[in-house]
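Trainee: I would like to learn how to read domains and cores in a model. Can we work through one case?

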Amino acid sequence: MDFLRPASWEEALAAKAEHPTAVPIAGGTDVMVEINFDQRRPDYLMDLGRIGDLYEWEVGEDSVRLGASVPYTRIMENLRTELPGLALASHTVASPQIRNRGGVGGNLGTASPAGDAHPALLAAGAEVEAESVRGSRRILIDAFYTGVKRNALAPDELIRAVHIKKADGPQQFSKVGTRNAMVIAVCAFGLALHPGTRTVRTGIGSAAPTPIRAAAAEEFLNAALDEGGFWDNGKIITPSIARQFADLCSAACNPIDDVRGTASYRRHAVGVMARRTLTWTWESYRGTAHASEGVA
Amino acid sequence: MRVNFTVNGRPQQADDVWEGESLLYVLRERLGLPGSKNACEQGECGSCTVRLDGVPVCSCLVAAGQAEGREVVTVEGLADLARQRSDGLSACGTPPGEAGHAQTRDTCSQSGESGELAPIQRAFIDAGAVQCGFCTPGLLVAADDMLERNPNPTDADIREALSGNLCRCTGYEKIMDAVRLAAARQSEGV
């Protein structure tokens, strides 16, 4: 095994082009587990820890450019307003020690269906900035996850940053596990209201081979909210709409039985989380709408 | 490969390090600092917790090569760290975040051979928070870091700060007592 220690992003891209099998390591919270357990013996281990740019973020007009290695701790502390869903999800990652090291770039690189960031990214709307010596491209988050622990990166590409839409409405994240800390999600659910476009987006974790959106559920809810004039009148969403939304979210799942839970439990729990997160976010939206009405 | 870094204020060099080796292995097996414990090797238990450039991390999940040029504080360096903190100085060597301007001080001991204890260590003993002792070093490093950042923690703060450290003996109540005791003594200036 060779240890590569690029001092700059350009050096990292050159090294990855020369050695496409090189495994990038930043926080190490996934890679080192596999090495410690003899499950992985890469020819090259490439430390990205010297590349300062990867640990920075920029808040833009419409989106946040989040460096691939920004630790979850920083996201929780600094981006709660702009990225509330991701900040909530970040807080559920493992433990303080892990959150001090791990970041979204690693979550995307590993592309586990159980990665905590994925439902929040899917719900908010995001693009992955991937780069190689051949050039840079943006991959829509919806197209990024291609299979169990597989993603759309080419062998010579590295993740430089994630561009995440700034919240234009309430967002929530919910995760099922046996305790609050140190839990791999049995299943997880992210939901974001986008009042600007009058749409709702979802993200489901650990309940299909990849993180997914519940497309039919979103479509149904968008139409129901529109027909009922809910975005304008700020009324409580009727229980039948919430139930149908929850059922469609359950139906979007394609889970398996494993040590953490059964397929049918996951389907059920995703429906419960969908209904709850919809209620939480909608209550928050109504509160805001009501408050601004009062001001006007 | 060779790895150079600072441990508890003292420059260290480890040779013949395998590229996939963890920082924990280097500390324990190459530098003779067995305070950081090796248990789960997957970041679940926190018994290998050290400060890396001031930040608590699981040393089993840091590749040794990633520590090159960095500052590490292990449980063996807690007493010195606490003393320097109370003297108005930061961590042994450099303040966190200012790696690269290391000034090694003779007062920084390698492995706590002075026999002196950090207040958090004293509090764990006084509260009876140690049973088999295996999880203790990680808990000490994590608790010490929390008290540095948050001198008046609530119980919820303590639970969250220690949520990555597993103890299989005590049931955590005495550990909670110890951290509360250390916080109280710290605020009283004892």
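Mentor: We go from annotation to domains, then to their contact and the core. Keep in mind that this is a predicted model.

Trainee: Which residues of chain A does the UniProt annotation cover?

Mentor: The unreviewed UniProt entry places "domain: FAD-binding PCMH-type" on residues 1-169 of chain A. That span is 32% helix and 26% strand. Its end C-alpha atoms lie 48 Å apart.

Trainee: How is chain A divided?

Mentor: Domain bounds come from an automatic or database assignment. Here chain A has domain 1 (2-165) and domain 2 (171-295). Their centres, taken over C-alpha atoms, are separated by 25 Å. Domain 1 of chain A brings 23 residues to the contact, and domain 2 of chain A brings 24 residues.

Trainee: Which elements supply the domain 1 side of chain A?

Mentor: Helix H4 (84-91), helix H7 (117-124) and strand E8 (145-147) of chain A each supply at least two residues. The largest share, seven residues, is from H7(A). By type, this side has 14 nonpolar, seven polar and two charged residues.

Trainee: How many residues are in the largest nonpolar core?

Mentor: It has 142 residues. Among those with the most contacts inside it are A:Leu86, A:Leu121, A:Ile204 and B:Ala143. Helix H4 (residues 136-149) of chain B gives the most to this core, seven residues.

Trainee: What does A:Ile204 touch?

Mentor: Leave out residues up to four places away in sequence. A:Ile204 then touches residues including A:Pro119, A:Phe189, A:Cys249 and A:Val270.

Notes: Residues are numbered from 1 along each chain as its sequence is written. Chains are lettered from A and ligands numbered from 1 in the order in which they are written. This is a predicted model: local features need pLDDT of at least 70, side-chain atom pairs count only at pLDDT 80 or more; totals for chains, interfaces and linings use all residues. UniProt positions are given in the numbering used here, feature names are shortened, and annotations may be inferred rather than shown by experiment. Helices (H or I, at least four residues) and strands (E, at least two) are DSSP runs, numbered from the N terminus. Two residues are in contact if their C-beta atoms, placed from the backbone, lie within 7 Å. Ala, Val, Leu, Ile, Met, Phe, Trp, Tyr, Cys and Pro count as nonpolar, Asp, Glu, Lys and Arg as charged, and the others, Gly among them, as polar. A nonpolar core is a set of buried Ala, Val, Leu, Ile, Met, Phe, Trp, Tyr and Cys residues joined through C-beta atoms within 7 Å. A residue is buried if 20 or more other C-beta atoms lie within 10 Å of its own, exposed if 12 or fewer, and partly exposed in between; C-beta atoms are placed from the backbone.
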